[in-house]
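This report describes selected local features of one protein model, beginning with a pocket. Please consult the sequence and structure shown here.

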Amino acid sequence: MPKVLSFINRKGGTGKTTNAINVATALSEMGNAVAVIETDVNYSLSEVRRREMEKGVPDDRQIPALFQTEEVGVVKHIKNFQKEGAYDFIIVDSAANTSVYGINRISVHSDLVIVPTSLSMNDIMVAERTVKDILPAKEENPALKMVLLPNRIHVLSAYETVESALRNLNIPVLKTYIPNLKLYTFLSTIYPAEGYREVANALLKVLISEAETVA
């Protein structure tokens, strides 16, 4: 049964798409079959993939499969992929305007929900609201795991600084955070940005309850 990792945050620009595709490409590079479900109506990942394919992809390169759907189609896609058994991982890149109901249904059908956030006051407030929207899903899916993925973090920030800023959200914080790098202006659906193997491995450890997180 494929593991479902969903990137959810009610606010746009928090790094959902950037982190989702980089984790997906890192998992693919590690030899896994990965499907990415893109729910943003702009379908930015699909457009990036089209341009990359025009330039050519090495024949031996394993890359994530991309699928487009709106909010109402996410669960159907997940169930179909689970039934087919062709993928090791399903990555859901949720849209910023996903409804509370949509957040709940995606979360119920996920193994791990990742909430990306920076340390800005506005992002933290929206992340807190997002967490509150996700939590009811645990009633239907008690095995659901949640983790905060700090990103756009100053490279000199200590873990203690990051944890302190996010402590009030009351869910684990991944110790492997994403610095404020140029990757936010360069996006690939084929090659992961530097450091994302470490992020992918940290998330896999969350799935087996061995993650390096700050409770």
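## Second largest pocket

S44, E47, V48, R51, E52, K55, G56, L187, I190 and Y191 form the lining of the second largest pocket. Here a pocket is an open set of points, on a 1 Å grid over the protein atoms alone, with protein on both sides within 12 Å along at least five of seven lines, and lining residues have an atom within 4 Å of a point. Its volume is about 180 Å³. The lining comprises 4 nonpolar, 2 polar and 4 charged residues.

## Basis of the model

The model is predicted: local features need pLDDT of at least 70 and side-chain atom pairs count only at pLDDT 80 or more, whereas totals for chains, interfaces and linings use all residues. Residues are numbered from 1 along each chain as its sequence is written, and side-chain values use heavy atoms, with hydrogens and water left out.

## Helix α1

Helix α1 covers residues 16–29; at 1.5 Å a residue its 14 residues should span 20 Å, and the end C-alpha atoms, 20 Å apart, agree with this. The expected span is 1.5 Å times one less than the number of residues. Because 13 of the 14 residues are buried, α1 is largely enclosed by the rest of the structure. Buried means under 20% relative accessible area, exposed over 50% and partly exposed in between, with a 1.4 Å probe and protein chains only. G31, which follows α1, has a positive phi near 100°.

## R152 in strand β6

R152 belongs to strand β6 (residues 145–153) and counts as partly exposed, at 34% relative accessibility. The side chain of R152 reaches the backbone oxygen of G13 at 3.0 Å.

Methods:
Helix = DSSP H or I, 4+ residues; strand = E, 2+ residues; numbered from the N terminus. Polar contact = N/O pair within 3.5 Å; in protein donor to acceptor, adjacent residues only side chain to side chain. 1 Å grid on protein atoms, 1.4 Å probe; cavity = no way out; pocket = protein on both sides within 12 Å on 5 of 7 lines; lining within 4 Å. Points joined across faces, edges and corners; volume = space filled by probe spheres on them. Nonpolar A, V, L, I, M, F, W, Y, C, P; charged D, E, K, R; others polar.
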